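Dear colleague,

Please find below the structure that I am handing over to you. My notes on it follow directly after.

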Amino acid sequence: MLVECCHRVWQTSQPYLFLLWSNFMNLRPNRLAVMVCAGLLGLAAPLAMSWGPEGHAIVADIAQAHLDPAAATEVASLLKLEGFDRLDQISSWADGNRKEFPGTGSWHYVDIPLKADNYDATRDCVQGNCIVAKLDENTHVLADKTATPQARLLALKWVVHLVGDIHQPLHAEDNDDKGGNTVQVQFFGKGTNLHSIWDGGIIRQALSLQPGPHYTFDHAAVQADAMTLDAAITPTQRAAWATENLLPQIVDASIVWADESHKLAQDVAYVDIDKPSGDAWSQRYQQKAWPVIQTRLEQGGVRLAEVLNEALSN
Ligand SMILES: [Zn+2]
């Protein structure tokens, strides 16, 4: 039914919509058709599945500022393969290319039951289909100097994205609610869900950022915000967040990061959500959650720099 509807809407509105919008958006036709239909039928905002582009870019920008010379050179030469020159240009690639990589949806998270104490590989990462295992796999491809530059660039895209995602508390828990995606909330007057406000709503509210279509965002504004967050990190925090000899056992570190996220979901995200609506609740929840998210973005940036520095060192 939906596909048939999309085709009909697409057939009739194509000449106008395509010229108007796709020139502006540079989007592939079929994706534009789906977005137009979804918009018209009010089915927009499918399941939120990741830090929004701003969150991922902040993690990437903080990491970029702390790359060792050797790692910075390697990163630049890999990015150049596709005409990029900054990590924040590839930080949401894994979200924007889900269609091209079907079956990788579960790479973005690990469903640790909310009531469980911590990660259990047998229970939570069946056949290695979760963020903990995929971060390990892709980091090793990135570090493998014998792999092709294309394979290492693909691995770099995943590593930059997944180090971000593992620091989003609702990417390391499930309460039979798709990681909070089915928990409806009214956030500052907008109907949305718990996962989505942790992905982007709270960040945008705190930094006064407006989301762009299809993972686009104001790069200059986000880079400036990232440097403000980076400057707020104390040397003690940087040392505390670092991991001794991160490679080759990155899996150990990513389990620690996933458990940290899981604990924050228990202690912060799922607290005070009995009546999640209205301005008073939105203000209260924003004030509680933003400092937690800010720290997770900072930790993600510091640790991503460490992963890249170790994987790309001489
Ligand atoms: Zn993601």
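In what follows, a residue is called buried when its relative accessible area is under 20%, and exposed when that area is over 50%. Please bear in mind that this is a predicted model.

The secondary structure of the protein comprises 13 helices and two strands. Of its 314 residues, 49% are buried. Among the contacts with a separation of 6 or more, 75% join residues 24 or more positions apart.

I begin with helix H4, which covers residues 69–80. The 12 residues of H4 span 16 Å from the first C-alpha to the last, close to the 16 Å expected at 1.5 Å a residue. Ala71, Glu74, Val75, Leu78 and Leu79 of H4 are buried. Viewed down the axis of H4, these buried residues fall within an arc of 130 degrees, so they line one face of the helix. Pro69, Thr73 and Lys80, on the other side of H4, are exposed. The partners against which the buried residues of H4 pack are helices H7 (131–143), H8 (149–165) and H13 (279–311).

Strand E1 (residues 184–187) pairs with strand E2 (residues 190–193) in the antiparallel sense, over four bridges, and Gln184 stands opposite Asn193 in E2. In a regular strand, side chains alternate between the two faces of the sheet. In E1, Val185 and Phe187 form the covered face, while Gln184 and Gln186 form the uncovered one.

On the H12 side, the contact is made by Ile250, Trp257, Glu260, Ser261, Leu264, Val268 and Ala269. H13 contributes Tyr285, Lys288, Val292, Arg296, Gln299, Arg303 and Val307.

With a relative accessible area of 78%, Asp176 is exposed.

With kind regards

Terms used: Residues numbered from 1 in each chain as written. Predicted model: local features only at pLDDT ≥ 70, side-chain atom pairs only at ≥ 80, totals over all residues. Heavy atoms only, no water. Expected span 1.5 Å × (residues − 1). Buried < 20%, exposed > 50% of the residue type's maximum accessible area, 1.4 Å probe, protein only. Arc of directions from axis to C-beta. Contact = heavy atoms within 4.5 Å. Pairing = 2+ DSSP bridges.
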